[in-house]
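Visitor: I have a model open and would like to go through some of its side chains. Please take me through them one at a time.

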Amino acid sequence: MENGHCLTASSHPDITNLQGKQLEGIWHTSIVVHKDEFFFGSGGISSCPPGGTLLGPPDSVVDVGSTEVTEEIFLEYLSSLGESLFRGEAYNLFEHNCNTFSNEVAQFLTGRKIPSYITDLPSEVLSTPFGQALRPLLDSIQIQPPGGSAVGRPNGQS
C-alpha cells in the first residue's frame, strides 16, 4: 500500500494455548495508509500516527500491497463505513472486530485480504470447550485501543 500495510499486535502468552489448541496470537489489526494508522473498536473507526495507540508498535507487520486510492477518496470511504457497517455499537469481539475492519479496508485499498490465520481466530477460539465456556463473558467485552482520534464524526466526537 502507498505508505501502508496491515499491522498486527500479538497475544498474551497465557491465552495462546486453549485446552491443547495452540494459537499463534490474539490479534489486534489496523491499516496504515496515507501516513496514518486506522483501526476499529467499540468507539467506532479511529486513527492515530502509526504505532500511536497505547498498544504501541506492532509485534508484526504484514504488507498487503499498494493502493492507487487517494487520501480524499479513502477518507470518504471511511466516513461511509463509520456511518454504516463500522459504527461503535456494531463492534463484537468475535464477529465484527478490528480484524473484520482491517480485512474490509485492505480489500478496498488493494483487492487483497488480510491473512486467514488472523480472520479465522475467533472460530478457532470458539471451537474449544474453553472458548465456549468463556463466550458469555467475552461477548460483553468492548475494546477500544486508547490513543486514537475518531474518524468521520464532527470534531472527533463519538
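Guide: A term comes first: buried means under 20% relative accessible area, exposed over 50%, and partly exposed in between, with a 1.4 Å probe and protein chains only. This is a predicted model, in which local features need pLDDT of at least 70, side-chain atom pairs count only at pLDDT 80 or more, and totals for chains, interfaces and linings use all residues. Residues are numbered from 1 along each chain as its sequence is written, and side-chain values use heavy atoms, with hydrogens and water left out.

Visitor: Does Trp27 count as buried or exposed?

Guide: The relative accessibility of Trp27 is 11%.

Visitor: Why is the pair of Trp27 and Tyr117 edge-to-face?

Guide: The ring centres of Trp27 and Tyr117 are 5.7 Å apart. Their planes stand at 65°, so the pair is edge-to-face.

Visitor: How many residues apart in sequence are the parts that Trp27 and Tyr117 tie together?

Guide: Helices (H or I, at least four residues) and strands (E, at least two) are DSSP runs, numbered from the N terminus. Trp27 lies in the loop between β3 (21–22) and β4, while Tyr117 lies in helix α3 (residues 116–119). The pair therefore ties together parts whose separation in sequence is 90 residues.

Visitor: Which side chain makes a polar contact with the side chain of Ser30?

Guide: Ser30 sits in strand β4 (residues 28–33) and, at 1% relative accessibility, counts as buried. A polar contact is a pair of N or O atoms within 3.5 Å; within protein, one must be able to donate a hydrogen and the other to accept it, and residues adjacent in sequence count only if both atoms are side-chain atoms. At 2.8 Å, the side chain of Ser30 has such a contact with that of Glu37.

Visitor: Which backbone oxygen does the side chain of Thr29 reach?

Guide: Thr29 is also found in strand β4, and its relative accessibility of 0% makes it buried. Its side chain makes a polar contact with the side chain of Asn99 at 2.8 Å. At 3.3 Å, the side chain of Thr29 reaches the backbone oxygen of Cys98.

Note on methods:
Rings of Phe, Tyr and Trp (its six-membered ring) pair if their centres lie within 6.5 Å; planes under 30 degrees apart count as stacked, over 60 as edge-to-face and the rest as tilted.
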